[in-house]
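Visitor: Could you take me through one part of this protein at close range, beginning with a single residue and its surroundings and then widening the view? Please give the cut-offs behind each term as you go.

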Amino acid sequence: MIAEVLLVLAGHSSSLFPIDHNLHPAFRPLLHPGEEECLEALGRIASRYRNIKKACALLSRSKSRYVCALCATLNQILKDEYERLVVDTEAKVLKRDPELVAHGSFVPLSAVRAIFAEWDSPLTALENLMNQLQAEKHWKPGPLIDILLSRSKTGVHRIADIISRLSVAVQRVWRSQLSAFLVHGSLTSSDPLVSKDFTLLDGTMPSCVSPQTRESIVYVGRAIATVKAKKWQNQLPREQALEYANLLETVFPEDQYKFDLVISQIQTNVSEWLWLNVLTRKDVEDTVISLASYFLLRNGEFSLALIREIERLKISRLTTRSGAVSVIREEDLNLALLRASLGTTAQHDSSLLHLHFRLPSGPLRPLLPSLTNFKSLSSSVASNSPEVTSFDDLLLGTNLVLAYKVSWPLDLFLHPSDLQIYAALFNYLSSLRKTHTQIHTCWTSLSNAQRARRRWTGLGEGGTAEDLEVRKELLRCGWGVVRDMGWFLDTLLGYVMVDVIDVEFRRLKDLLDDPNRGRAESGGKHASSHNVATQSNADPSTYLDFTTLRNIHTTYLERLLTGCLLSNPSLTVILRPIFEVCERFVAQVERWGGDVLPALLFEGSLSTGSDDKVGTMVRERLQVVSEINESLRTLFNSFYEQLSLSTSQQPFTATGDASKSILMNASFANASTLQRTFIRGKGAKGFEGEGEVRRHVERLLLRLDFNGAFSKPKG
C-alpha cells in the first residue's frame with residue numbers, strides 16, 4: 001500500500017482515489033479513521049500536483065514567451081524539490097530507514113503525511129495561480145509580473161520563495177526584451193514592448209516601473225532605433241552597448257530604486273553620445289532662435305502682422321453671411337500665419353513651416369468683444385482663493401494653441417512639456433501685445449475725433465451750457481482712462497520684452513557659447529567614466545554635454561515664466577481682468593463711433609416734448625467710462641500690492657530637473673501647472689539666479705511707481 005501511495009504522490013493514477021482525492025468506499029471499512037484522514041490528506045496533495053502538471057502542460061503551448069518561461073521554471077522547481085522528495089521517501093522505505101520504518105517492517109501513514117505536509121500550502125497556492133493563468137487566453141508581461149510579485153508577498157516562506165523564483169524567471173525574459181529594445185533598438189515580432197511608432201503598448205510594463213523610467217526607456221530605445229534606421233554614419237559603439245547590456249543584467253524591475261538608477265544612467269550616457277554625434281550645436285541654436293522669434297514675439301513685425309491678420313479674419317467671418325464660410329477653422333488660422341509673414345523677415349524663414357495653430361474646441365464662429373459690467377472685479381480680486389488663470393482665449397475668443405512640429409533629432413532636446421511652456425508664453429505675450437495695439441488704435445481714434453470736433457467747436461467741447469461741464473468731464477475721464485491703459489501696457493510690455501525676454505535670451509546664447517559657464521551654472525549630473533573617455537577627443541572649451549544643455553534650456557524657460565509673472569497666480573488673476581477691461585473700453589469706443597463724446601447733432605436731434613433731455617447720452621457714457629476707470633484703478637492698485645508682496649514672500653526659484661523636463665504631467669488645458677515654482681536646493685546658496693529674477697521684478701516696481709502714485713499713503 002505504501003508503494004501505491006508513493007505512486008499517487010508522484011502523479012500516477014490509482015484505484016485508491018478514483019475521483020480526485022476522495023478515497024474509494026471499498027477501502028473505508030478496512031481503515032482506521034486516522035489512517036483514512038492521512039490517506040485523504042495525501043490524496044489532496046497528489047491531486048493538486050496532478051492539476052498543476054496538467055495546467056503547465058497546457059500553458060506551455062501558449063504563444064506568450066513569459067507564460068512559457070513561468071511553466072518551465074515551475075516544472076523545474078517541482079522536479080528538483082517535490083519529485084526528489086518522493087524519490088527520497090521511497091529510498092528510505094526500501095533502505096528501512098529507522099526514521100521512517102518502525103521496527104524495520106512497519107511504515108506509519110502519519111509519518112508519510114508529515115513528510116509531505118510542507119508541500120500542502122505551496123501546492124494550494126500554485127494551483128490557484130495556475131487557475132488564474134488559465135482564466136485568460138493571453139497574458140501581458142506587466143500584469144503577469146504584478147500578479148507574481150503580489151503573490152510572493154506572503155508570510156509563508158516556501159510559497160514566497162517559489163513564486164519569487166517564478167517572478168524572477170518572467171522578469172528575466174522581460175529584461176531580455178527590454179535589453180533588445182533599449183540597447184539595440186530592435187523590436188521583436190512576438191510580444192513587443194512598444195509599437196512601431198515607439199509608443200509603449202498596454203500591459204508591457206509592470207507597475208513597479210515608474211513613469212519617469214518608462215519615458216526614459218522609450219526615449220533611449222527610439223533614439224537608438226532611429227539612428228540605426230536612418231543609417232547614421234556614427235552608430236552607438238559596441239563596447240558602449242555591451243556595457244549597457246551588462247548593467248541591465250544586474251537588476252530586475254522589482255528592485256525599483258536600482259532599476260531606475262540603471263535606466264537613468266543609460267539615458268544620460270546615450271543622451272550625451274547623441275549630443276556629440278547626432279544633434280549638433282547649430283541645430284539647437286537655430287531652433288532656440290526660431291522659438292524665441294515666434295513664440296516669444298522677438299520678431300516684432302511678424303507678431304504684429306499676425307495679430308492684425310487674426311483680427312481681419314474675425315471681421316471677415318462676422319461680415320459673411322451665415323453658413324460654413326462664417327466658421328473659423330484651423331486651416332484659416334494656418335493660412336493667416338503665412339499671410340502675416342508676407343513682407344516681413346519671416347517670409348523666407350523655413351522654420352515658419354513648423355508652426356501651426358490648433359483649436360482644441362474645434363471650429364467656431366467669431367464673437368464681438370464682450371461689454372459686460374465689471375463691478376464685481378474688485379471683490380473677485382480681493383478674494384484670496386487660488387484660481388486657474390489662462391490667456392489662451394484672449395487672442396481669438398476661444399482656446400487657441402500655437403504648436404511647433406518637432407522632427408528627429410530635435411525631439412531629443414525639446415520635450416512636449418517645453419513646447420507647452422512656449423505655447424503658454426505665446427498666449428500671454430500675444431494677449432498683451434494685442435491689447436497694447438488696441439489701446440494705441442483707440443488713442444489714434446480719439447485724437448482724430450477730437451481734431452475733427454475742434455474744427456467746429458474751437459477750444460471748447462460744444463453743446464449747451466447745461467451739458468458743457470459734463471462733456472468736459474466725460475472727455476477728460478476718457479482721455480485719462482486711455483492714458484492710464486497705454487502707460488501700464490507700455491510699461492508691462494517693455495518690462496517683459498526688454499528686461500526679461502531679451503536679457504534671458506542673451507543669457508541663454510552666452511551659456512551655449514560658453515560651455516564651461518553652462519556646466520558651472522547647471523545642476524546636471526557628472527558624466528560617467530565611459531563618457532569622459534569618449535569626450536577626451538573633444539575640445540573641452542567647446543564641448544557641451546547633453547545633460548547640461550537640457551538643464552540650461554529648462555532653466556531658461558522657467559526663468560521666463562517667473563520673470564513674465566506667470567508663475568505667480570495672485571498676479572495672473574489680476575492681469576487677465578486688466579486686459580479684459582482694456583478690451584471692453586476699446587469695444588465701447590468703437591461702438592460709439594470712435595469717440596467718447598456723442599456728436600452734437602445727435603443730441604440736438606431729439607424730438608420736441610420728449611422726456612429725454614440734452615446731455616442724457618453724455619451722462620450715460622460718463623457712467624460707463626467712470627465704472628471702467630474705477631475698475632481699472634482698483635486692478636492697478638491690487639497688481640502693485642501683489643507685486644510688492646511677491647518680492648518678499650515668493651521664492652524666485654524656477655529650476656527643475658532638466659534632464660527629465662518633468663515640468664508638467666497633464667494636458668495643456670490645465671493651466672495651473674504653469675503656476676508652480678520649482679525649487680531645486682543647492683546647499684545654503686539656493687538658486688544661483690534668484691537675485692537676477694528678483695531684480696527683474698524690482699525694475700517693474702520702479703517703473704510702475706516712478707512718481708510715487710502707488711507707494712504714497714492715500715488720505
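Guide: Aspartate 499 counts as buried because its relative accessibility is 8%, where buried means under 20% relative accessible area, exposed over 50% and partly exposed in between, with a 1.4 Å probe and protein chains only. This is a predicted model, in which local features need pLDDT of at least 70 and side-chain atom pairs count only at pLDDT 80 or more, while totals for chains, interfaces and linings use all residues. Residues are numbered from 1 along each chain as its sequence is written, and side-chain values use heavy atoms, with hydrogens and water left out.

Aspartate 499 lies in helix α16, residues 468–513; helices (H or I, at least four residues) and strands (E, at least two) are DSSP runs numbered from the N terminus. The side chain of aspartate 499 is joined to that of arginine 703 by a polar contact of 3.1 Å, a term for a pair of N or O atoms within 3.5 Å, of which, within protein, one must be able to donate a hydrogen and the other to accept it, and for which residues adjacent in sequence count only if both atoms are side-chain atoms. When neighbours within four places in sequence are left aside, the contacts of aspartate 499 are Gly494, His696, Arg699 and Arg703, contact meaning heavy atoms within 4.5 Å.

Another buried position is glycine 594, with a relative accessible area of 9%, placed in the loop between α20 (569–591) and α21 (600–604). Not counting residues up to four places away in sequence, glycine 594 touches Ser445, Leu446, Ala449 and Val589, and its C-alpha atom is separated by 7.4 Å from that of cysteine 442, which is 152 residues apart along the chain.

Burial can also be followed along a whole helix: 20 of the 28 residues of α7 are buried, so α7 is largely enclosed by the rest of the structure. Helix α7, residues 157–184, reaches 39 Å from its first C-alpha to its last, close to the 40 Å expected at 1.5 Å a residue, the expected span being 1.5 Å times one less than the number of residues. Glycine 185, which follows α7, has a positive phi, near 70°.

In the protein as a whole, which has 23 helices and two strands, buried residues make up 52% of the 715 residues. Among contacts between residues at least 6 apart in sequence, 79% join residues at least 24 apart.
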